[in-house]
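Open the structure in your viewer and keep the sequence panel beside it. This tour tells you what to select at each stop.

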Amino acid sequence: MSFVAVTMKLLEGFGTTCLIFFVTLAASLPLGLIVCFGSMSRFRPLRWLMRAFIWVIRGTPLMLQLMMVYFGPFYLFRIKV
């Protein structure tokens, strides 16, 4: 392969990476705000639930979380992703 062909493939991958980044950013900001405001809420059950959610997310490895998201629906509800 020529240098130009390899460079074009790398730029294509970079574009895909940027797209994934911006989609993740657009989805994570509203979710983060909901969790943040929920953890500061005066309604104690909501505050407890949000803090427990944060505790679980911080306490588990990312790979385990990804496996639960990917394989969980199939094993729990027999839904293929």
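**Stop 1: a nonpolar patch**

Select Leu62, Met63, Leu66, Met67, Tyr70, Phe71 and Tyr75. Together they form a nonpolar patch on the surface, with about 810 Å² of accessible area. Keep in mind that this is a predicted model.

Now pick out Met63, which lies in helix H3. Is Met63 buried or exposed? Met63 counts as exposed, because its relative accessibility is 57% and the cut-off for exposed is over 50%.

**Stop 2: helix H3**

Select residues 62-77, the 16 residues of H3. From first C-alpha to last, H3 reaches 22 Å, close to the 22 Å expected at 1.5 Å a residue. Where does H3 bend? Center on Phe71: the bend there is about 50°. A proline, Pro73, follows within four residues. Phe71 is also one of the patch residues from the previous stop. Next, step to Arg78, which follows H3 and has a positive phi, near 60°.

**Stop 3: helix H1**

Select residues 3-39 to show H1. H1 has 37 residues and reaches 52 Å from its first C-alpha to its last, close to the 54 Å expected at 1.5 Å a residue.

Which residues of H1 are buried? Color Val35, Gly38 and Ser39.

**Stop 4: Thr24**

Stay in H1 and select Thr24. Thr24 is partly exposed because its relative accessible area is 46%, between the 20% and 50% cut-offs. Finally, draw a distance from the C-alpha of Thr24 to that of Leu46. The two are 22 residues apart along the chain and separated by 25 Å.

Conventions. Residues are numbered from 1 along each chain as its sequence is written. This is a predicted model: local features need pLDDT of at least 70, side-chain atom pairs count only at pLDDT 80 or more; totals for chains, interfaces and linings use all residues. Side-chain values use heavy atoms; hydrogens and water are left out. Helices (H or I, at least four residues) and strands (E, at least two) are DSSP runs, numbered from the N terminus. The expected span of a helix is 1.5 Å times one less than its number of residues. The bend at a residue is the angle between axes fitted to the seven residues ending there and the seven starting there. Buried means under 20% relative accessible area, exposed over 50%, partly exposed in between (1.4 Å probe, protein chains only). Patches are made of residues with over 30% relative accessible area and no salt bridge: like charges are joined within 9 Å, nonpolar side chains (Val, Leu, Ile, Met, Phe, Trp, Tyr) within 5 Å. Accessible areas come from the Shrake-Rupley method with a 1.4 Å probe; for residues, only the protein chains shown count as cover. A salt bridge is a side-chain nitrogen of Lys or Arg within 4 Å of a carboxyl oxygen of Asp or Glu.
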